[in-house]
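Colleague: Before I use these labels, I would like to hear what each one rests on. Please go through them one at a time.

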Amino acid sequence: MNEAIATATQAIATATTEVAKAGTTNTTYVLIAAALCIALGAAACAVAQGRVIEKVAESIARQPEATNDLRGSMIIGLAMIESLAIYCLLIALLIIFMKS
C-alpha cells in the first residue's frame, strides 16, 4: 500500500510540474481533482483492508482449523481491494494529462 501511495505521489508531483508549465487557468482545479481521487481511493482501500484483516483475524481466533481457507480468501480479497487504488491512480493521471 505504501508503495502505491509513493508511486501516486511521485506521479502527481511529476504531473504537477508538467501541468504548471502549460500555464492553464484550470490547473488548480485539475490538480485538486486528481489529489482528491488519489486521497479518497487510498483512504477507502485502507479502511476496507483493515476491516478484512480484522474479520479474518477474528474468524481465525474462533476457528483455528480454518486458517488456510481463510488466508487464501483474504489474500484474494485484499488483491481486489488493492486494485481500487491502482484504478484511482489511473483515473488521476487521466484527469491530469487529458484535461481539456
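**Labels and their cut-offs**

Modeller: The chain averages a pLDDT (the predictor's confidence in each residue, from 0 to 100) of 84, and 80% of the residues score at least 70. This is a predicted model, in which local features need pLDDT of at least 70, side-chain atom pairs count only at pLDDT 80 or more, and totals for chains, interfaces and linings use all residues. Residues are numbered from 1 along each chain as its sequence is written, and side-chain values use heavy atoms, without hydrogens and water.

Colleague: Which element has the lowest mean pLDDT, and which the highest?

Modeller: Helix 1 (residues 2–22) is lowest at 67, and helix 3 (residues 67–97) is highest at 91. Helices here are DSSP runs (H or I, at least four residues), numbered from the N terminus.

Colleague: Why does glutamine 49 count as buried?

Modeller: Buried means under 20% relative accessible area, exposed over 50%, partly exposed in between (1.4 Å probe, protein chains only). Glutamine 49, in helix 2 (residues 27–62), has 13% relative accessibility and therefore counts as buried.

Colleague: Why does asparagine 68 count as exposed?

Modeller: Asparagine 68, in helix 3, has 59% relative accessibility, so this residue counts as exposed.

Colleague: What joins the side chains of glutamine 49 and glutamate 82?

Modeller: A polar contact of 2.8 Å joins them. The term needs a pair of N or O atoms within 3.5 Å; within protein, one must be able to donate a hydrogen and the other to accept it, and residues adjacent in sequence count only if both atoms are side-chain atoms. The side chains of asparagine 68 and arginine 71 also make a polar contact, at 3.2 Å.

Key
Helices (H or I, at least four residues) and strands (E, at least two) are DSSP runs, numbered from the N terminus.
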